[in-house]
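Here are my notes on this one, in the order I'd go through them. Have the model open while you read.

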Amino acid sequence: MKLNLNRETQIQILRYIYISICGYGFVFISLYLLVDLLSLNKSTAFVVVYGISYILLYTLQLKYLFNKKHDRKKFIRFCISTMFFYLIANVFYNIFLYFNIHYLICTALTIITLMPLRFIVSKFIVYK
């Protein structure tokens with residue numbers, strides 16, 4: 001199955017990957033600092049770090065990725081999708097933790113699982 005993507009979508013995917021790498025770099029470093037250095041509970045650290053990450057994500061995606069102007073409808077759709085993905089990410093993360101997988105690997109598995117779906121929802125629902 002060949003996926004035919006226009007040039008704009010290809011550029012958006014590359015930008016999305018770049019934003020994701022930076023954002024998830026922040027997530028991994030912050031989790032390491034909070035869990036390993038400050039001995040914060042793994043689940044609590046995940047909730048805090050992901051919350052901060054999602055706050056930064058709106059602005060980056062709005063301006064840099066989709067080149068859109070802020071409006072209330074976009075922001076509301078972003079908040080709804082963020083709540084959905086925030087909940088799902090926490091469920092996945094804690095399921096992986098339940099199976100005694102290292103918390104950083106749990107984070108990576110959660111990211112890999114949700115990343116493609118988040119792009120699709122952002123492009124076609126949130127920032128349409």
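1. Start with Phe-26: its relative accessibility is 31%, so it counts as partly exposed (buried is under 20% relative accessible area, exposed over 50%, partly exposed in between; 1.4 Å probe, protein chains only). Phe-26 sits in helix α1, residues 7–37 (helices are DSSP runs of H or I, at least four residues, numbered from the N terminus).

2. A word on the basis: this is a predicted model, where local features need pLDDT of at least 70, side-chain atom pairs count only at pLDDT 80 or more, and totals for chains, interfaces and linings use all residues. Residues are numbered from 1 along each chain as its sequence is written, and side-chain values use heavy atoms, without hydrogens and water.

3. Confidence first: pLDDT (the predictor's confidence in each residue, from 0 to 100) averages 90 over the chain, and 98% of the residues score at least 70.

4. Now the cavity. What does α3 give to the lining of the largest cavity? It gives the most, with four residues. Among the lining residues are Tyr-54, Phe-78, Phe-85 and Arg-118 (lining residues have an atom within 4 Å of a point on a 1 Å grid over the protein atoms alone; a cavity is a set of points where a 1.4 Å probe fits but cannot get out). α2, α3 and α4 (103–126) are the elements that give two or more residues to this lining.

How values were computed: On a 1 Å grid over the protein atoms alone, a cavity is a set of points where a 1.4 Å probe fits but cannot get out, and a pocket is an open set with protein on both sides within 12 Å along at least five of seven lines; lining residues have an atom within 4 Å of a point.
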